[in-house]
Amino acid sequence: MEFGSILDFLDNKTILVTGATGFLAKILVEKILRVQPNVKKLYLLVRATDAKSALQRFNTEAVAKELFKVLKEKYGSNLQSFLSEKVTPVAGDITYENLGVTDSNLIEEMWKNVDVVVNVAATTNFDERYDVAMALNTFGAKNVLNFAAKCVKIKLLLHVSTAYVSGEKPGLILETPYKLGEALNGAHGLDINTEKKIIEEKLKELSSDETATDKSITLAMKDLGIERANKFGWPNTYVFTKALGEMILGHLKGNIPLVILRPTIITSTYKEPFPGWIEGIRTIDSLAMGYGKGRLSCFLGDPESVIDAIPADMVVNAMITTMAAHANQPCEMIYHVGSSVSNPLKYKGIQKSGYHYFSKHPWINKDGKAVIVGEVKVLNSMESFRRYFSIRYLLPLQGLQFVNSALCHAFNGTYTDLKRKINFVLRVVELYKPYLFSKSFYDDMNTEKLRQVVRENGVEANIFYFDPKLIDWDNYFVHIHIPGAVKHVFK
């Protein structure tokens, strides 16, 4: 593999980015604008009603964030004029044809000028409504491909997927594509159009039920997604619909150069634009913060299992590098961007880092008192979790149910509330179980070849770094990630 300067590649290029106000896309946009101000144009697809609303969303959800502080320092009062020249927020939605863009002149302008399409738009909720997840993650990907095919200068379609499309399969997961209709468990009958019909029929059935509420319809569609995912071997709706999206792209891409990037768990920035920037709650953070706030009476997960995490800026650097590497090459390349093979992070390491951080920087609760953290019980199997949960919560619930019945339902509200909370915990545990007890390792041979070329290019290796071997995990969590999560997410 050979390619020239990445900065030279970005020079005078026009790039369309979907999902542009999402966590990863914003970091991508900021990076390109910061390192290559001579990029020609960034079209940023934003869910909005019109161009004015799209611009407002971009300004409030991206530019106004601390993420853009380095650019603000660089350009000062000239930042807005620089952005207005380089960035065009576009009102649209990938669930529609032509990405939901209604301005025909703008569509023609993009078809004429776009060199690279980057699809980051997705729903990442594990138990999203099946109709919503399918529209975004599967048919949305198809709509992006169809749009890219009409771009006369198209050099590459870069699609961001997830490493977890492999489901719960243990061992070394290779950087290989999934073929259309190929179920993880070998089950027959996986057909995307059939799934679409199942969704339509379920929605029709629910809409004809006069007793159905918005809440019950949402729950039914969430349950349908999990049921269909499980039928074909995937643990949740998110990874199932992302896998179907990959399949449809590989099947229909034709001669369009296609890169599918599969990151693992994306964490806060390692170095740029500054260490520790994060937005939204990641799997790891909810555990760490629950512990720091004294709300976690136990850790669920195998202490020896490897949690595959990768900082967001490294993912973005890998994304940009693949653009330069595969432009105008009619291929389908898969890249795992993670750490489980190159620099494994053990679950017990995160627990230890959490203890180190919160011992020195205790969380201050609502009463102004410091929360003292200590050792917590580790439940290293689902069996031990079920035993613990049964003794601590299910038995008291059964007792409350008996007392409630004996006292003519005087505790109805308390009983219902507790039961709802317990059911929520059990549902969340089932969704996260594959990641807490993971036995998967994500081969990154293709990604390592990319890194090697960047290293040989010399000076750009410091700009487009994405080698997880650079990371000292304990230092990263104690001094970068947890402080970043406390500041930007849990403040």
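Modeller: A cavity is here a set of points on a 1 Å grid over the protein atoms alone where a 1.4 Å probe fits but cannot get out. The model itself is predicted.

Colleague: Which classes of residue line the second largest cavity?

Modeller: The second largest cavity has a volume of about 50 Å³. Its lining includes Tyr164, Ile265, Val306, Asp308 and Ser438. By class, the lining residues are six nonpolar, two polar and one charged.

Colleague: Is Leu99 buried or exposed?

Modeller: Leu99 is not a glycine, although it has a positive phi of about 60°. Leu99 is found in the loop between β3 (87-91) and α6 (104-113). Buried means under 20% relative accessible area. Because its relative accessibility is 1%, Leu99 counts as buried.

Colleague: Is Asn328 buried or exposed?

Modeller: Asn328, a residue other than glycine, likewise has a positive phi, near 65°. Its place is the loop between α12 (312-326) and β11. The cut-off for exposed is over 50%. Since the relative accessible area of Asn328 is 52%, this residue is exposed.

Colleague: Which residue is joined to Glu272 by a cis peptide bond?

Modeller: The omega of this bond is about -5°.

Key. Residues numbered from 1 in each chain as written. Predicted model: local features only at pLDDT ≥ 70, side-chain atom pairs only at ≥ 80, totals over all residues. Heavy atoms only, no water. 1 Å grid on protein atoms, 1.4 Å probe; cavity = no way out; pocket = protein on both sides within 12 Å on 5 of 7 lines; lining within 4 Å. Points joined across faces, edges and corners; volume = space filled by probe spheres on them. Nonpolar A, V, L, I, M, F, W, Y, C, P; charged D, E, K, R; others polar. Helix = DSSP H or I, 4+ residues; strand = E, 2+ residues; numbered from the N terminus. Buried < 20%, exposed > 50% of the residue type's maximum accessible area, 1.4 Å probe, protein only.
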